[in-house]
Amino acid sequence: MARALELAERGLFTATPNPRVGCVLVREGTTVGEGWHARAGEPHAELHALRQARDRARGATAYVSLEPCSHHGRTPPCADALLEAGVQRVVAAMQDPNPLVAGAGMARLRAAGVEAQSGLLADAAYELNIGFVSRMQRARPWVRVKTAASLDGRTALANGTSQWITGAPARLDGHRWRARSCAVMTGIGTLLHDDSRLNVRDVETSRQPLRIVVDRHLELPLTARILEGGGVLVFTAAQQPEKVRELAARGAEVLTMGDPHGKVDLVAAMRELGRREMNEILVESGNRLNGALLRAGVVDELILYFALQLLGDRARGMYDLGELTTLDERLDLELREVRSIGTDLHLRARVRPRG
């Protein structure tokens with residue numbers, strides 16, 4: 001199963017919107033076939049493994065990092081393919097959270113006399129597909145906020161200067177998080193200051209994530225570098241039909257999703273991204289959008305890079321959460337990872353739901 005999960009990681013940057021899945025076929029203690037799912041519309045991991053194994057699949061055990069599918073989607077059911085190949089036993093790391101499967105694949109295998117069980121290395125399988133699970137169970141993506149800061153929690157000088165607080169190895173690691181994400185989101189303030197493209201660089205990938213701009217007043221310049229090559233979605237609260245047409249001519253899609261306060265409805269925006277089959281969103285923005293997302297309760301994880309330097313109280317902070325008047329209003333975190341990257345400190349933490 002560990003090998004199946006290792007194979008599944010090969011689809012880390014490309015499998016979306018599908019889950020990352022690996023499969024290993026073992027017969028009489030020998031691996032006879034391996035496979036992994038590369039991208040939507042292409043054969044699933046089980047099919048690749050079966051094609052490699054050929055006749056040796058009969059009587060074999062299939063170790064799959066996710067329950068074999070039992071429905072016709074972009075490809076035929078993998079459960080049927082395993083049955084047709086004569087696989088004798090199937091071990092899945094976890095049940096498929098997709099309501100169209102959700103145990104039906106294993107049930108079909110058992111009904112045909114195949115020994116089928118799940119739960120082996122389930123935690124690792126869950127982490128690998130945490131965004132897919134989020135979309136299936138909560139109808140919204142898994143949202144990570146990435147921030148680079150000084151040790152005293154400052155992301156830029158008071159005048160906005162921020163390049164570069166952290167070193168090249170930390171920035172490269174940040175691009176790996178971009179590459180695995182379905183979309184990268186930023187706020188208009190950050191974009192106006194940095195004019196960033198928000199694309200993946202220095203990491204080999206055949207897929208670029210969607211770029212998303214939260215732009216309350218639709219201030220995005222038509223000359224912004226992020227518009228180069230298309231693949232941009234803008235959430236706004238403004239009613240500016242002419243600007244929408246101009247941005248559409250540059251390849252950007254604009255969605256008006258205002259809340260009663262005239263701001264972008266971030267909860268509705270995340271539901272829309274879930275509807276569009278987005279599994280993982282990486283936010284790279286300033287303290288205002290970071291804080292707004294946290295206050296809206298749609299942030300699941302923080303990706304933090306701390307440089308061993310101090311910028312002082314007048315420099316810009318990480319999250320605009322407003323004034324907290326009691327400690328009950330604080331956000332609690334669960335530490336998941338700590339390591340050094342170059343000369344910088346990397347932390348990854350989960351946001352604990354209130355209550």
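**Note on the predicted model**

1. Start with the sheet. Five strands form an open sheet with mixed pairing, in the order S2-S1-S3-S4-S5. Strand S2 (30–36) and strand S5 (115–118) are the edges, and each of them pairs on one side only. Neighbouring strands of this sheet are turned against each other by 15° on average, direction ignored. Keep in mind that this is a predicted model.

2. Strand S1 (residues 22–27) and strand S3 (residues 61–64) run antiparallel. Four bridges join them.

3. Helix H2 (residues 45–53) lies across S1, S2 and S3. H2 runs at about 140° to S2. Helix H4 (residues 104–111) packs on the sheet and touches strand S4 (89–92) and S5. The direction of H4 makes about 155° with that of S5.

4. Now the whole chain. The protein chain has 11 helices and 14 strands. Its radius of gyration is 22 Å, close to the 20 Å from the globule rule for 355 residues, so the chain is as compact as a globular protein of that length. Along the principal axes, the C-alpha atoms fill a box of roughly 65 × 45 × 40 Å.

5. Burial and contacts. Of the 355 residues, 51% count as buried. Take the contacts between residues at least 6 apart in sequence: 68% of these join residues at least 24 apart.

Notes:
Residues are numbered from 1 along each chain as its sequence is written. This is a predicted model: local features need pLDDT of at least 70, side-chain atom pairs count only at pLDDT 80 or more; totals for chains, interfaces and linings use all residues. Side-chain values use heavy atoms; hydrogens and water are left out. Two strands pair if DSSP finds at least two bridges between them. Helices (H or I, at least four residues) and strands (E, at least two) are DSSP runs, numbered from the N terminus. Axes are lines fitted to C-alpha atoms, for helices over the stretch in contact, and angles run from 0 to 180 degrees between N-to-C directions. Contact means heavy atoms within 4.5 Å. The radius of gyration is taken over C-alpha atoms; the globule rule is 2.2 Å times the number of residues to the power 0.38. Buried means under 20% relative accessible area, exposed over 50%, partly exposed in between (1.4 Å probe, protein chains only).
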